[in-house]
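Visitor: I have a model open and want to learn how to read it. Where do we begin?

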Amino acid sequence: MKAYHTLVTGDSGGGKTSLCRELHLEAPYVSVWINHTAERVPDGRSRADAKTVRSPSALRQAVDGGHTALNYRTTDAHEAIQAARSVGWYQTDEPLQIIVDEASGVMPDGCDDDNPLKRCLHQDRDRGVRAVVVTQDPSDLDYTPLKNVKYWAWCGAWSTFHDGFIRYFNIPRDELPGEPHAYTVFDKRMSVLYCGETQEAYA
């Protein structure tokens with residue numbers, strides 16, 4: 001069973017987090033949001049199959065209990081990612097999704113090879129674990145694992161500071177969205193796969 005990694009990028013206020021909330025709640029399998037920034041993530045009070053957890057053991061119990069949208073509140077994103085990876089390796093029937101917002105502080109350029117997010121991108125696709133990595137600036141991330149990302153989602157209009165990595169990654173400017181909460185999904189060759197808008201319910 002294979003899963004495919006996704007990079008979500010774009011300016012602040014462009015709709016990245018709204019898109020990720022939609023991916024989190026609409027996933028037809030277990031999704032773990034690594035909430036190291038105190039982001040507003042749906043929990044059990046707003047959705048029956050959602051739950052907030054704060055430890056590896058609580059994560060495993062929640063998955064065993066049938067919860068599928070998990071808000072992992074943590075101050076140690078690396079520990080939480082490793083815990084989610086471990087749970088995902090034993091989900092034999094369906095993938096497990098890991099969402100990491102503000103990923104530049106989690107997998108910075110030049111990070112060690114034992115970085116859990118970097119290892120996830122390199123090793124876990126064939127084990128049924130897919131990562132959704134979110135950042136304003138992909139050039140802040142370690143480059144080598146980004147080669148394993150299959151989909152790029154660009155949210156909102158681009159800004160001047162994006163110019164460098166638009167050129168570096170050969171992203172077609174004419175295909176980028178022009179308004180907040182609009183998004184375009186590209187494949188690895190930067191061909192457009194889909195254009196859409198994030199839903200207001202997830203804003």
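Visitor: How many residues does helix 3 have, and how far does it reach from its first C-alpha to its last?

Guide: This is a predicted model, so keep that in mind. Helix 3 has 13 residues and spans 18 Å between its end C-alpha atoms. That is close to the 18 Å expected at 1.5 Å a residue.

Visitor: What caps the N-terminal end of helix 3?

Guide: D76 does. One of its side-chain oxygens lies 3.2 Å from the backbone nitrogen of H78.

Visitor: Which residues of helix 3 are buried?

Guide: Buried means under 20% relative accessible area. In helix 3 that applies to A77, A80, I81, A83, A84, R85, V87 and G88. Their cover includes helix 2 (56–64) and helix 4 (116–123), along with strands 2, 4, 5 and 6.

Visitor: How does helix 3 run relative to strand 5?

Guide: At about 170°. Helix 3, residues 77–89, lies across strands 2, 4, 5 and 6.

Visitor: Now the sheet. How do strands pair?

Guide: Strands of a sheet pair through backbone hydrogen bonds, parallel or antiparallel. Here, 9 strands form an open sheet with mixed pairing, in the order 3-4-2-5-6-1-7-8-9.

Visitor: Which strands stand at the edges?

Guide: Strand 3 (50–53) and strand 9 (192–197). Each has a single partner strand, so one side of each has no neighbour in the sheet. Neighbouring strands are turned by 20° against each other on average, ignoring direction.

Visitor: In which sense do strand 7 and strand 8 pair?

Guide: Antiparallel, over 4 bridges. Strand 7 covers residues 149–155, and strand 8 covers residues 182–186.

Visitor: Which strands does helix 1 touch?

Guide: Helix 1 (residues 16–26) packs on the sheet. It touches strands 1, 2, 4, 5, 6, 7 and 8. Its direction makes about 145° with that of strand 2.

Visitor: Let me try one residue. Where is the place of T52?

Guide: In strand 3.

Visitor: Why does T52 count as partly exposed?

Guide: The partly exposed class lies between under 20% (buried) and over 50% (exposed). T52 has 22% relative accessibility, so it falls in that class.

Visitor: What does T52 touch, leaving out residues up to four places away in sequence?

Guide: D43, N71 and R73. With N71 there is a side-chain polar contact of 3.3 Å.

Visitor: How far apart are the C-alpha atoms of T52 and T135?

Guide: They are separated by 23 Å, with the two residues 83 apart along the chain.

Note on methods. Residues are numbered from 1 along each chain as its sequence is written. This is a predicted model: local features need pLDDT of at least 70, side-chain atom pairs count only at pLDDT 80 or more; totals for chains, interfaces and linings use all residues. Side-chain values use heavy atoms; hydrogens and water are left out. Two strands pair if DSSP finds at least two bridges between them. Helices (H or I, at least four residues) and strands (E, at least two) are DSSP runs, numbered from the N terminus. Axes are lines fitted to C-alpha atoms, for helices over the stretch in contact, and angles run from 0 to 180 degrees between N-to-C directions. Contact means heavy atoms within 4.5 Å. The expected span of a helix is 1.5 Å times one less than its number of residues. Buried means under 20% relative accessible area, exposed over 50%, partly exposed in between (1.4 Å probe, protein chains only). A polar contact is a pair of N or O atoms within 3.5 Å; within protein, one must be able to donate a hydrogen and the other to accept it, and residues adjacent in sequence count only if both atoms are side-chain atoms.
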